[in-house]
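Subject: Structure handover

Hello,

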Amino acid sequence: MGIELDDNPQFKDYAHPEKFVTAAWLSARLGVDGLKVVESDEDAFLYDIGHIPGAVRIDWKSDLNDELNRDFIDGEAFAKLMRSRGISRDDTVVVYGDHANWWAAYTAWVFELFGHPDVRLLDGGRDAWMGEERDTSFVVPSYPESDYPVVERKDTAVRTFASELLDNPPEQLIDARPAPAYRGDGTAPVQPQVPTLRQGHIPGAFSVPWGRSVHPNARFRPLEDIREIYKDFDPKKRTVVYCQLGESASHTWYVLNNILGFEDVALYDGSWAEWGNMVRVPVAKGDSRGGAVT
């Protein structure tokens with residue numbers, strides 16, 4: 001691991017404190033050899049109106065997804081992307097973004113699929129950086145092309161597909177969307193970019209909205225608060241998380257895996273955008289678990 005860890009007291013009792021940094025830690029190390037900063041937003045144009053100096057942009061939609069298949073890019077395409085951004089395999093990569101790091105967590109999770117050795121999340125993301133009025137830049141950096149190797153993507157450990165949920169449902173299935181979307185009662189905000197024919201949730205899922213883990217300023221809540229949110233779940237059992245498109249559930253995956261230390265947690269990135277449009281798959285409505293967490 002190339003860059004020293006952030007010794008912020010908030011992180012010391014996390015399962016994986018090496019996966020987090022603060023704005024203060026990052027600000028003090030900008031420009032250090034072996035450190036690369038990546039901005040990944042829901043609104044990709046935010047990068048153009050000011051970003052962390054030296055940060056490169058990775059667009060979750062156009063950069064990480066295959067153009068022809070509904071899947072992520074393969075090892076060759078990922079290596080090409082890393083080379084074009086000047087990121088080496090031994091670099092420490094810090095990812096941040098808007099919307100409390102939804103898509104930043106998603107991007108960091110994709111880095112995990114390719115086994116990048118050192119990828120970290122900026123606590124609070126873009127909101128934290130801007131809220132502290134830290135330096136920003138309009139300059140798009142140009143780094144020398146790296147020699148990032150082609151690495152085979154490994155989905156098995158941290159990714160789940162619809163077929164697996166149907167054939168072998170996990171013991172713990174968590175819906176990270178807002179409670180109205182889980183209930184399918186018609187009051188949830190509609191995401192026009194991911195329309196679905198049916199509303200509700202995957203049968204057997206519990207509702208634990210992702211936003212309960214963060215403050216309004218997008219920073220993580222104290223560890224004790226996060227433990228309380230997930231106290232009814234066993235960290236040793238197979239756990240799968242999903243949302244509308246995989247974005248907020250990746251944030252939940254980051255919490256369960258790296259803060260609470262769940263031993264076997266995977267993301268169903270197809271999420272409701274896939275499940276709610278598939279033919280002949282079951283859908284549940286209301287608080288069908290008989291007291292779902294909200």
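This is a predicted model: local features need pLDDT of at least 70, side-chain atom pairs count only at pLDDT 80 or more; totals for chains, interfaces and linings use all residues.

Residues are numbered from 1 along each chain as its sequence is written, and side-chain values use heavy atoms, with hydrogens and water left out.

Helices (H or I, at least four residues) and strands (E, at least two) are DSSP runs, numbered from the N terminus. Two strands count as paired if DSSP finds at least two bridges between them.

Strands around β2

Strand β2 covers residues 35-39, and five of its five residues are buried, so the strand is largely enclosed by the rest of the structure. Buried here means under 20% relative accessible area, exposed means over 50%, and partly exposed lies in between (1.4 Å probe, protein chains only). In a regular strand, side chains alternate between the two faces of the sheet. In β2, L35, V37 and E39 point one way, and K36 and V38 point the other way.

β2 has a parallel pairing with β4 (residues 92-96) over five bridges, where T92 is the bridge partner of L35. β2 also pairs in the parallel sense with β3 (residues 56-57), over two bridges; there V38 stands opposite V56.

The four-stranded sheet

An open sheet of four strands runs in the order β7-β6-β8-β9, with parallel pairing. Its edge strands are β7 (206-207) and β9 (265-267), each of which pairs on one side only. Three bridges join β8 (residues 239-242) to β9 in the parallel sense, and V265 in β9 is the bridge partner of T239.

Helix α8 (residues 247-259) lies across β6 (172-175), β8 and β9, and runs at about 165° to β9. For that angle, axes are lines fitted to C-alpha atoms, for helices over the stretch in contact, and angles run from 0 to 180 degrees between N-to-C directions. Contact means heavy atoms within 4.5 Å.

Salt bridges

The structure holds 21 salt bridges, each defined as a side-chain nitrogen of Lys or Arg within 4 Å of a carboxyl oxygen of Asp or Glu.

- K36 and D91 form a salt bridge through their side chains (3.4 Å, N to O). K36 lies in β2 and D91 in the loop between α2 (75-84) and β4, so the pair ties together parts that are 55 residues apart in sequence. K36 is buried at 13% relative accessibility, and D91 is buried at 6%.

- E171 forms a salt bridge with K237, with the closest N and O atoms 3.9 Å apart. This pair links distant parts of the chain, 66 residues apart: E171 is in the loop between α5 (162-167) and β6, and K237 is in the loop between α7 (223-229) and β8. E171 counts as exposed at 54% relative accessibility, whereas K237 counts as partly exposed at 31%.

- R177 and D175 form a salt bridge with their closest N and O atoms 2.7 Å apart. R177 is buried, with a relative accessible area of 3%, and D175 is buried at 0%.

Salt bridges that share partners also join D71, R153, D155, R159 and D269 into one network.

Regards
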